[in-house]
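Here's a quick briefing to get you started. Have a look at the sequence and the 3D view, then read on.

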Amino acid sequence: MNQRIETVIVGGGQAGLATSYYLTALGREHVILERAPHTGSAWRDDRWDSFTLLTPNWSFRLPGAEYRGQDPDGFLTRQEVIAHLEQYVKEYHLPVHHRATVRSVEPAGNGTGYVVRTDGGTWLARHVVIATGFSIIAVLVPALLGPTKANKQKLEPYESGIIPFHDAR
């Protein structure tokens with residue numbers, strides 16, 4: 001199944017949501033492809049339960065949704081951040097497709113955009129925005145100098161002795 005769209009945003013975190021906000025405001029056709037089952041997955045799954053923002057509430061900003069609560073100098077809890085992100089998607093009707101794992105992004109053969117392959121189908125897009133943040137997954141590193149073979153590399157986590165978030169709950 002090939003679907004045509006003007007812009008595909010890969011990643012439904014804060015950067016992807018902010019990009020979608022502006023594209024929506026401009027009336028531009030787009031979709032957000034997010035591999036997680038719900039909005040705010042990094043906050044939901046990769047933070048311990050008592051985690052709070054490390055910066056004051058007034059600094060937690062998404063376009064069109066600045067902090068308006070009673071405690072601008074306080075620190076939002078993990079659950080409050082998740083609720084804020086979920087409400088943002090609903091309020092602005094952002095077109096997030098959850099459980100949409102992007103497998104590849106390649107230039108279209110005719111030079112008019114990109115082919116975005118997911119587990120659920122293929123998107124043909126004029127523009128692609130990569131808003132995935134840092135990820136420890138296998139990536140394809142293209143050869144830039146000469147006809148050498150591209151190789152697959154796995155990015156390893158920084159060895160600091162710190163317990164990963166998902167193990168510290």
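Which helix is glutamine 14 found in? Glutamine 14 belongs to helix H1, which covers residues 14-25. Keep in mind that this is a predicted model, and that the protein chain has an average pLDDT of 82.

**Glutamine 14**
- Glutamine 14 has a relative accessible area of 32%, so it counts as partly exposed, a class that lies between the 20% and 50% limits.
- If you skip the neighbours within four places in sequence, glutamine 14 is in contact with Trp43, Phe60, Leu62 and Leu85.
- Glutamine 14 and proline 63 are 49 residues apart along the chain, and their C-alpha atoms are separated by 10.0 Å.

**Proline 107**
- Proline 107 sits in strand E4, which runs over residues 102-107.
- Is proline 107 buried or exposed? Proline 107 is exposed, because its relative accessibility is 64% and the cut-off for exposed is over 50%.
- Not counting residues up to four places away in sequence, proline 107 touches Gly113 and Tyr114.
- Between proline 107 and arginine 126 there are 9.7 Å in space, C-alpha to C-alpha, and the two are 19 residues apart in sequence.

- Across the protein chain, 78% of the residues have a pLDDT of at least 70.
- Residues 145-166 have a pLDDT below 50, and this stretch has 26 contacts in the model beyond near neighbours in sequence.

Definitions and conventions:
Residues numbered from 1 in each chain as written. Predicted model: local features only at pLDDT ≥ 70, side-chain atom pairs only at ≥ 80, totals over all residues. Heavy atoms only, no water. Helix = DSSP H or I, 4+ residues; strand = E, 2+ residues; numbered from the N terminus. Buried < 20%, exposed > 50% of the residue type's maximum accessible area, 1.4 Å probe, protein only. Contact = heavy atoms within 4.5 Å. pLDDT = per-residue confidence, 0-100.
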